[in-house]
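Before any detail is discussed, please look through the sequence and the coordinates.

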Amino acid sequence: MRRLLGLTLAALVLAGCSEKTDPGAQPTAPPGPVVRTDTGDVRGIVHSDRRIFNGIPYAAPPVGTLRWAPPEPAEPWTGERAATRPGSACPQNKNAIADLASSNEDCLFLNVTTPNSASPEHRKPVMVWIHGDGAIGAGAQFDPTRLAVKGDVVVVTFNFRLGVFGGFALPGLKDSGTIGLQDQRAVLRWVQRNAAAFGGDPGNVTLFGVSYGATATSAHLMSKESHGLFHKVAMQSGFTLMDMPAGVTYPGIPALPWYGWTTTKDAETQGQVVAKQLGCKDLACLRKVPVAKLLALPQVMNIFQPYALGNEQLPADPLRALTAGDFAEVPVLSGTTRDEHTTFVAFFRELAGQPVTAANYPELLRTAFGNKAGRIAAEYPLKDYPTPARAWAAVVTDRMWAQAQLRQNQLLSAKNPLWFYEFADRDAPIDIPFPKGFDPGAWHAGDVSYLFPDATSTKAMRPDQVALSDTMIGYWTNFAHRGDPNGDGVPEWQRFSTPGSVQSLAPGKIAPVDYEQEHRLAFWRSLG
């Protein structure tokens with residue numbers, strides 16, 4: 001199964017990547033048991049080691065007057081509802097590397113995978129996964145089998161409203177720019193009401209996600225309305241505190257103070273522009289616009305990817321909130337991949353026909369960093385890298401990703417116990433279409449298939465990579481069980497205290513690494 005690549009582009013010009021699978025594919029297995037939820041009975045599928053319940057509605061279809069409204073309760077049903085296949089993905093467009101598309105707004109469904117040992121009398125920790133991107137994707141694209149069975153946990157994956165359907169804003173629209181976030185919270189509330197019936201412990205819920213999903217997880221950390229609905233968080237390659245220098249992700253995009261957020265005011269301004277394009281003067285008109293017409297607007301799904309700051313749901317300034325300790329007091333597992341930005345260079349430079357070259361490398365540095373470009377070029381000389389693209393990726397990985405991640409984890413760890421990792425398998429299986437001959441290293445979201453391995457990804461792994469996958473599943477599920485990734489059968493992982501206590505995760509080499517030194521963060525601080 002293709003791995004969902006969790007890119008967010010904060011109003012950039014290209015969408016991210018997604019698995020090329022059908023989330024509605026029908027599994028083949030004997031009929032499963034019936035579980036009673038608060039809205040009705042569901043019949044799932046039983047396997048020798050797990051039970052699966054797919055396509056359970058967690059909210060009412062967000063259609064008509066419920067478009068751009070907070071999620072409403074799902075309608076109860078009578079009799080047994082078949083929970084044997086995922087529900088529809090939320091509206092989204094195909095692109096050159098993502099063939100999942102949908103125009104169905106009736107999409108607020110979740111999926112539950114439980115080990116067979118789970119029961120209302122023997123409850124397991126619950127892990128709730130927020131997929132990446134924010135403009136494409138669906139919960140059913142991830143196979144949680146090994147995570148649930150090996151880790152002895154209940155795993156919940158789900159769909160939430162994406163792009164213009166989840167982040168649209170307009171003056172006077174309540175909760176502008178945060179509707180998708182509220183869908184996620186509705187799932188957490190569903191888990192509180194229903195987890196026990198599936199053998200899950202509603203008092204032990206880990207919220208975790210990758211990229212956009214990790215950033216959304218941090219939003220719940222900062223949003224008081226979400227507090228108490230989860231008890232631990234794990235964030236993979238998030239960008240809670242990340243800015244974006246000019247041109248570093250896509251040519252021509254100016255510097256942005258936030259890579260993964262927007263402001264309520266800016267989102268509302270974008271919403272007014274879209275309303276005018278659609279010929280609508282009010283919300284009633286906009287709610288009647290066909291899905292296909294909305295999806296046809298250029299880049300409309302990417303424009304509304306980021307959630308809006310400065311409202312009843314989210315603080316105005318994540319840095320200020322984290323500095324003040326204004327976030328939930330829960331254990332945290334958080335980290336990045338070793339070479340985060342190679343993915344972005346590959347897709348938004350190399351494949352877009354605007355490659356990084358020896359000739360334009362100095363100009364890229366000047367555009368992004370102004371009069372500091374010379375010092376940066378000396379620190380990252382082209383001769384030290386196999387290609388100019390890898391040199392540019394190293395610059396941006398260190399400046400944009402690593403610097404923000406270290407700062408985030410330092411602030412969170414001042415209040416919460418935190419374990420900091422770096423995924424460092426530079427030969428991880430590649431399941432997205434990188435340019436021919438492009439070496440992505442430990443690429444953005446390359447770690448996801450190690451936590452959600454399926455038959456295809458496992459077949460592509462060497463034995464030492466399968467062992468790394470097993471160790472990572474052990475770490476993540478130990479964390480879900482006890483709030484600490486350590487346990488029997490895995491190497492010791494120090495709680496984060498200094499940049500030298502970051503756990504590097506590579507095949508046959510799991511050990512602490514000096515994250516600050518590896519990513520030259522002292523150099524970046526010296527630039528001011």
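## Aromatic contacts and overall form

Phe344 has a relative accessibility of 1% and therefore counts as buried, the limit for that class being under 20% relative accessible area. The model in which this value was computed is a predicted one. Phe348 is likewise buried, because its relative accessible area is 3%.

Phe344 and Phe348 form one of them, a tilted pair with 6.2 Å from centre to centre and 50° between the planes. A tilted pair is also formed by Phe369 and Trp524, whose ring centres lie 5.5 Å apart with 50° between the planes. This second pair links distant parts of the chain, given that Phe369 belongs to helix α11 (residues 361-369) while Trp524 belongs to helix α18 (residues 521-526), 155 residues apart. Both Phe369 and Trp524 are buried. The geometry of the two pairs is set out below.

| Aromatic pair | Centre to centre | Angle between planes | Class |
|---|---|---|---|
| Phe344 and Phe348 | 6.2 Å | 50° | tilted |
| Phe369 and Trp524 | 5.5 Å | 50° | tilted |

Turning to the protein as a whole, its secondary structure comprises 18 helices and 15 strands. The radius of gyration is 22 Å, which agrees with the value near 24 Å that a compact globule of 528 residues would have. Taken along the principal axes, the box filled by the C-alpha atoms is roughly 70 × 60 × 45 Å.

Burial and contact order can be read alongside these dimensions. Of the 528 residues, 62% count as buried; and when contacts between residues at least 6 apart in sequence are considered, 75% of them join residues at least 24 apart.

The protein exposes about 18600 Å², of which carbon and sulfur atoms supply 53%.

Note on methods. Residues numbered from 1 in each chain as written. Predicted model: local features only at pLDDT ≥ 70, side-chain atom pairs only at ≥ 80, totals over all residues. Heavy atoms only, no water. Helix = DSSP H or I, 4+ residues; strand = E, 2+ residues; numbered from the N terminus. Rg over C-alpha atoms; globule rule 2.2 N^0.38 Å. Buried < 20%, exposed > 50% of the residue type's maximum accessible area, 1.4 Å probe, protein only. Contact = heavy atoms within 4.5 Å. Areas by Shrake-Rupley, 256 points an atom, 1.4 Å probe, with all protein chains shown as cover. Phe/Tyr/Trp six-rings, centres within 6.5 Å; stacked < 30°, edge-to-face > 60°.
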